[in-house]
Amino acid sequence: MNRLTLSKNPVLKSWVAILCAILLAGCAGAKLNSDYHEVTDKSLTTIQQKTDDFIETLIAQSGTKKAAFSKHQAFYSDIAQELRRLEFRANAIPKNDKTIDLVKKIRLAILGEGKCTAEGTSLRDLHCMSANKSKGPSAIALANCRLNVNQTISAALSLELAKKQGVEQNK
Amino acid sequence: MKSYWKAESEKLAIALRMIIEPRAANERSKAEAKILLNQQKVATSAVLTAAEGMSAVAVQAALNAALKVIKDLVNSKIGFPLL
């Protein structure tokens, strides 16, 4: 009986190779991640700039009644709104898990869960804790906080820019 | 990726030092130091998440580049754009 084996049949070998190539090429454009999203990039930049400006103002006011938590509610409301919009858009993009996770972390670093205690994780917790509520956190604590917030936002921005470079490489 | 991780590790070390030193000198309350440390944990975890995401982006770019080579090869052998 004339059995078809790959090693003995060069024609069959070529066809199998072509078939494998077709199957592999069918995966071309395979997506492990979402593409770069310009609106996410802009939104992250806006949140970073607003937070940075706010911390700068708070550093200048630190130790005075101007730095009281009650006088800066507008900033926290504004950032909460920006974050909600960003979360909504990020959730609508397929395969965007890492960015969604990073936006959650930005929320944790800026707004936290409103604990206002040592269990807190955010700029707002630092500002609303009982010792800092009336005159704001110390300038050195705010400088430290700015570093943490900027690093968290910059992680999300770096990922967006990496996606942009990845898309450009595949053009 | 490597340079990103190196730069971010340095920033994390600076931030940690900024938390520890004032606390050791009693210039910062325990609660403040704890919040800043918790916040730094969030930042560290964000850096790790971004690094994971960047690896996936690099894998995707390499995979797509390799598949493009196969596609070009098949199309050139066949003589028309099949794929």
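1. A:Val149 touches A:Thr51, A:Ala109, A:Ile110 and A:Leu123, leaving out residues up to four places away in sequence. Contact here means C-beta atoms, placed from the backbone, within 7 Å. A:Val149 lies in helix α6 of chain A. It counts as buried because it has 24 C-beta neighbours inside 10 Å. The cut-offs are 20 or more other C-beta atoms within 10 Å for buried, 12 or fewer for exposed, and partly exposed in between. A:Val149 and A:Leu108 are 41 residues apart in sequence, yet 9.5 Å apart in space, C-alpha to C-alpha.

2. A word on the model. It is predicted: local features need pLDDT of at least 70, side-chain atom pairs count only at pLDDT 80 or more, and totals for chains, interfaces and linings use all residues. Residues are numbered from 1 along each chain as its sequence is written, while chains are lettered from A and ligands numbered from 1 in the order in which they are written.

3. Chain A has six helices and zero strands. Helices (H or I, at least four residues) and strands (E, at least two) are DSSP runs, numbered from the N terminus. Of the 171 residues of chain A, 36% count as buried. Among contacts in chain A with a separation of 6 or more, 69% join residues 24 or more positions apart.

4. Look at α3(A) next. This helix has 20 residues and reaches 29 Å from its first C-alpha to its last, close to the 28 Å expected at 1.5 Å a residue. The expected span is 1.5 Å times one less than the number of residues. The buried residues of α3(A) are A:Phe75, A:Ile79, A:Leu86 and A:Ala90. They cover an arc of only 35 degrees around the axis, so they sit on the same side of α3(A). The arc is that of the directions from the helix axis to the C-beta atoms. These buried residues pack against α2 and α4 of chain A. On the other side of α3(A), the exposed residues include A:Gln73, A:Gln81, A:Arg84 and A:Asn91.

5. Chain B has two helices and zero strands. Its radius of gyration is 23 Å, well over the 12 Å that the globule rule gives for 83 residues, so chain B is more spread out than a compact globule. The radius is taken over C-alpha atoms, and the rule is 2.2 Å times the number of residues to the power 0.38. The C-alpha trace of chain B spans about 75 × 20 × 10 Å along its principal axes. Just after α2(B), B:Gly79 takes a positive phi of about 95 degrees.

6. Where do the chains meet? The contact takes 44 residues from chain B and 45 residues from chain A. On the side of chain B that touches chain A, α2(B) gives the largest share, 33 residues. That side divides into 26 nonpolar, nine polar and nine charged residues. Ala, Val, Leu, Ile, Met, Phe, Trp, Tyr, Cys and Pro count as nonpolar, Asp, Glu, Lys and Arg as charged, and the others, Gly among them, as polar.

7. The largest nonpolar core has 45 residues, and A:Leu102, A:Ile106, A:Cys145, A:Ala156 and B:Ala50 touch the most other members. α2(B) gives the most to this core, with 11 residues. A nonpolar core is a set of buried Ala, Val, Leu, Ile, Met, Phe, Trp, Tyr and Cys residues joined through C-beta atoms within 7 Å.

How values were computed. Contact = placed C-beta atoms within 7 Å.
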